[in-house]
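Here are my notes for you to read alongside the model. Keep the 3D view open and click along as you go.

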Amino acid sequence: MSENGLDTLWHNGKSYRKGYTTGSCATAAAKVAALMALRQQVINQVSIVTPSGITLRLNVEQPLICGQQASAAIRKDGGDDVDATHGMLIFAQVALNDSGSITIGGGEGVGTVTRKGIGLPIGSAAINRTPRQTIEQAVREVIGPERGADIVIFAPEGEERAQKTYNGRLGILGGISIIGTTGIVTPMSEESWKRSLALELEMKRAQGMTSVILVPGNHGERFVQEHMQIDAERVVTMSNFVGYMLQEAQRLGFQHVVLVGHLGKLIKVAAGIFHTHSHIADGRMETLVARLALLGAPHEFLRAVFECSTTEAAMELIEQQGWQAVYDDIAQAIGERVKQMLRFAPQPFCCDVVLFSFDNVVLGSNRPISEIVSALHTQMTYEKESL
C-alpha cells in the first residue's frame, strides 16, 4: 500500500502504479477547504473515500483561509496511466454561509458545456454527476446539515491542458472536465488489461455460467441491475474490447451473450468496429445516418443528425422527428455483425443487444427486453439444475 492509500498492480513481473481522478482531486480539495474555513486552521493532508470504496490520503497544496472562505489544491496523479491532466493542481474554494444549501460551480480552467449530449445542462461547468455527488457529500459531512456552502472548482492550467483532450469536440470549452466514476485510475497495458477482463469471463464459466452480460463499464452494470433486474454477478466489463471479449466468450463455450451499453459506444459495432476506443476508430454519426437513411429518413434530417457532436444530441432530433425505430434497427445490425464475426464457429452463441441513453432510458434492442431477460432466467435455471 502506497502513502496515498493506493495498491500497486503487478502483471508479468512489472508493477503498475494506480492513480486518482480529477473528481477525487476536486472532492478532496473541497473537503479540506471546508474544514479549514470551519476550523480556521491550515490543514496539510486530507482523506476521502472514493466511490469505489478506496480511502485516499492526499497532500494539500496552497492552503489559504480568508474569514469564512478557504481554498486548497490537490495535485492530480494518474499513476502510470498518464493523461493530459496528470500533475496539475485542482483547486476548490469554499465559502460558508447560513443558507443550508450547497452550490457547486466551475471557475478558471474548468470547461463550460456549450452543447447538449453529455448529460449536463448547457452553460454549466463540466463537472460530471459522480464528482458533483462526492463533492457535495464530502462538504456536507464537514459542515453539518444546517450550514450552507458555495463551492467553486478551478484549475489554472486547465485551459491549456484541455487542448490535448477531446473536450472541444464534445462542446466543452475553456478548460478540463472534472470526471471519474470510481475515483481511481487503474493503469495497465492494453494486452494485460484485455487479459484481466478475459480472466473474469473464465471465472464465470468455471462457476458453471453459460450466459453472460458484457458491458463497456460501470454505467452498463448499473443499468443491468436497475432496468433488467439481473444480478451484477452475471455482468462482465469488456471496456472497448468488444471483439476480443466476444471471441473469448465463444472460446469458453458460453451459449448466450448479451451486449448492453450506451448507444454512442455500441453503435460502432454495427459498422464492424469491434475495438470501440475513439483513438482506434469512430463512425458513430456516419453509422447512425446510414441506418436512418435505410429506414427512409429525409436528407435534411440526416444532415442535421450528422452535424450533431454526440449521439445524445442526435437522440433529441430523432425523438422530435419520430425516428426512434432506428434504435431497434441498430441493435439488430449489431447482432448481425456479431454473427458474421462468429460465422466459422461450429456452435456460435446466441447474441442479444440492448441500447440505452445517458439517462438510463432504454432506446432499443434486437428483440423485446422481456424476452431477453426471460432467456437469461431460463439459462440460469438450467445452470442450477446442472450443478
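1. A term to start with: helices here are DSSP runs of H or I with at least four residues, numbered from the N terminus. With that in hand, find H8, and then look just past its end: Gly 296 takes a positive phi of about 100 degrees there. Bear in mind that you're looking at a predicted model.

2. Let's go to the open sheet. In what order do its 5 strands come? Reading across, you get S6-S7-S8-S11-S9, and the pairing is mixed. S6 (61-66) and S9 (102-106) are at the edges with a single partner strand each, so one side of each has no neighbour in the sheet. On average, neighbouring strands are turned by 15 degrees against each other, ignoring direction.

3. Have a closer look at S7 (residues 69-75) and S8: they run antiparallel and are joined by 7 bridges.

4. Next, the aromatic rings, which form 3 pairs by the rule used here. In one of them, Phe 91 and Phe 154 are stacked, 4.9 Å centre to centre with 15 degrees between the planes. This pair links distant parts of the chain, since Phe 91 belongs to strand S8 (residues 89-97) and Phe 154 to strand S11 (residues 148-154), 63 residues apart. Both Phe 91 and Phe 154 are buried.

5. Another stacked pair is Phe 301 with Trp 323, at 6.3 Å centre to centre and 20 degrees between the planes. Phe 301 sits in helix H9 and Trp 323 in the loop between H10 and H11, 22 residues apart. Is Phe 301 buried or exposed? Its relative accessible area is 8%, so Phe 301 is buried, the cut-off being under 20%.

6. Back to H8 (residues 284-294), whose buried residues include Met 285, Leu 288, Val 289 and Leu 292. The buried residues of H8 pack against H7 (263-266), H9 (299-306), H10 (311-321) and H11 (325-341).

7. Finally, two charges over rings. The charged end of Lys 194 sits over the ring of Phe 241, 6.0 Å from its centre. Arg 205 has its charged end over the ring of Phe 254, 5.9 Å from the centre.

Note on methods
Residues are numbered from 1 along each chain as its sequence is written. This is a predicted model: local features need pLDDT of at least 70, side-chain atom pairs count only at pLDDT 80 or more; totals for chains, interfaces and linings use all residues. Side-chain values use heavy atoms; hydrogens and water are left out. Buried means under 20% relative accessible area, exposed over 50%, partly exposed in between (1.4 Å probe, protein chains only). Helices (H or I, at least four residues) and strands (E, at least two) are DSSP runs, numbered from the N terminus. Contact means heavy atoms within 4.5 Å. Rings of Phe, Tyr and Trp (its six-membered ring) pair if their centres lie within 6.5 Å; planes under 30 degrees apart count as stacked, over 60 as edge-to-face and the rest as tilted. A charge sits over a ring if NZ of Lys or CZ of Arg is within 6 Å of the ring centre and within 35 degrees of the ring normal. Two strands pair if DSSP finds at least two bridges between them. Axes are lines fitted to C-alpha atoms, for helices over the stretch in contact, and angles run from 0 to 180 degrees between N-to-C directions.
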